[in-house]
Amino acid sequence: RVAQLVALFFKHTNIDKPDCTGGSMDISNEFKGKLGILYTYSVKYIESHFKWASRWDYILESMPHTNIQWFSIMNSLVIVLFLSGMVAMIMLRTLHKDIARYNQMDSTEEAQEEFGWKLVHGDVFRPPRKGMLLSVFLGSGAQILIMTFVTLFFACLGFLSPANRGALMTCAVVLWVLLGTPAGYVAARFYKSFGGEKWKTNVLLTSFLCPGIVFADFFIMNLILWGEGSSAAIPFGTLVAILSMWFGISVPLTFIGAYFGFKKHVMEHPVRINQIPRQIPEQSFYTKPLPGIVMGGILPFGCIFIQLFFILNSIWSHQMYYMFGFLFLVFIILVITCSEATILLCYFHLCAEDYHWQWRSFLTSGFTAIYFSIYAVHYFFTKLQITGTASTILYFGYTMIMALIFFLFTGTIGFFACFWFVTKIYSVVKVD
């Protein structure tokens, strides 16, 4: 549709109370000096039959990419069904047979002749290396996981209007600040179960490590915007407000959560830990750490890459994003896919008598963020026409923030899924 702009010039009889009754005037003939123009406009409201809750539905229905969204959802569901079938086969058939065979053994000699995941029962809950860092990542990841779920849930209910592009980000930041208590609790709980005793360092790292990296990157990007004189730069007062919320609300809540986490008793594992670590046998190529981690992130990324295209379009190509229902569904599919893919690989590694599952489960799901970064680079060179140095730095700077958040988010999902899986299978097998 083309809107036609019509300009009419009227000679006002009273400059203090202008109206349109003085007749039109010809500027070129009647006025030769400086001219002061009064701009007026009129607005006419027409009652709409659309309800307030569904005021954006006509935009969604007219979008040409809705069918692509449904195809992507179907593609993701096929991946989920495939993984669910694999996990169900392992849980119902293989694991059931393993547990029945292990529980029928009467002598220690027979147990020693067996091979598989039961042989590493005395080492599977051994504290991992760099347990401090892993617990900090888990605390920050739990905070991001809850924040993402609540934000998308509110968006699906219509509380966050697509017309206000900053509403989603504002809601996410406020929720992140208020969710400091779960972050401190999760970090402290797992750090204590890993045998850590430096609780002050743990709670300080949980409060400042990951948020500090994000804020430092964000502040550098904002300095570039200030230097370019861009209107997109965040005002200094807003940065001070964000810092005040971080130090004044989030940090104290993290300390409160850590206090309750350290006050709880140590997690009771279903099996005892041996004093001497068991030697891990030579692994095949597919059960080595790096190939498993690289393969584990492919399926979760395959579930989200089409949705990722529309999200990047809304951020960098200034297109309206309204499909929060699709996004929430993809979020649920991503959680299920990360959990099942990590559990599947964890079972294979335990059968190969490799009991170092903690970091591997986190990195297997977290490697999806690497594929996200590669796709962001591909999107930059194929879809965008950014030539300035400052704009390029801004794009990759903000992409790094999103990749870090995505790494913590997916990695935490993988760890929690494997922690539940390992605890479950070793709690139903008899161990002498």
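Glutamate 353 is placed in the loop that runs between helix 12 and helix 13 (358-366), where helices (H or I, at least four residues) and strands (E, at least two) are DSSP runs numbered from the N terminus. The model is a predicted one, in which local features need pLDDT of at least 70 and side-chain atom pairs count only at pLDDT 80 or more, whereas totals for chains, interfaces and linings use all residues. Residues are numbered from 1 along each chain as its sequence is written, and side-chain values use heavy atoms, with hydrogens and water left out.

Phi of glutamate 353 is near 65 degrees, a positive value in a residue other than glycine, and glutamate 353 is buried, with a relative accessible area of 14%; here buried denotes under 20% relative accessible area, exposed over 50%, and partly exposed the range in between (1.4 Å probe, protein chains only). A positive phi, near 55 degrees, is also found at lysine 130, again a residue other than glycine. Lysine 130 is located in the loop between helix 4 (108-113) and helix 5, and with a relative accessibility of 65% lysine 130 counts as exposed.

With regard to the overall fold, the protein has 15 helices and 0 strands, and 42% of its 432 residues count as buried. Among contacts (heavy atoms within 4.5 Å) with a separation of 6 or more, 81% are accounted for by residues 24 or more positions apart. The accessible surface of the protein, from the Shrake-Rupley method with a 1.4 Å probe and, for residues, with only the protein chains shown counting as cover, comes to about 25,200 Å², of which 66% belongs to carbon and sulfur atoms.

The predictor's confidence in each residue, expressed as pLDDT from 0 to 100, averages 83 over the protein, and 82% of the residues score at least 70. Where pLDDT is low, the predicted coordinates should not be read in detail.

A nonpolar patch on the surface is formed by Phe149, Phe153, Phe154, Leu157, Phe159, Ile332 and Ile336, which together have about 620 Å² of accessible area. The elements that give two or more residues to this patch are helix 5 (131-156) and helix 12 (324-351), and its largest share, 3 residues, comes from helix 5. Patches are made of residues with over 30% relative accessible area and no salt bridge, like charges being joined within 9 Å and nonpolar side chains (Val, Leu, Ile, Met, Phe, Trp, Tyr) within 5 Å; a salt bridge is a side-chain nitrogen of Lys or Arg within 4 Å of a carboxyl oxygen of Asp or Glu. Isoleucine 332 lies in helix 12 and, at 32% relative accessibility, counts as partly exposed.

In helix 8 (residues 199-228) lies asparagine 202, which counts as buried at 0% relative accessibility. Not counting residues up to four places away in sequence, asparagine 202 touches Met132, Ser135, Val136, Ala187, Ala188, Tyr191 and Phe262.

The structure holds 0 disulfides, a disulfide being a pair of cysteine sulfur atoms within 2.5 Å. For cysteine 418, the closest cysteine sulfur is that of cysteine 346, at 4.0 Å, which is too far for a bond. Cysteine 418 is buried, its relative accessible area being 0%, and cysteine 210 likewise counts as buried, at 6% relative accessibility.
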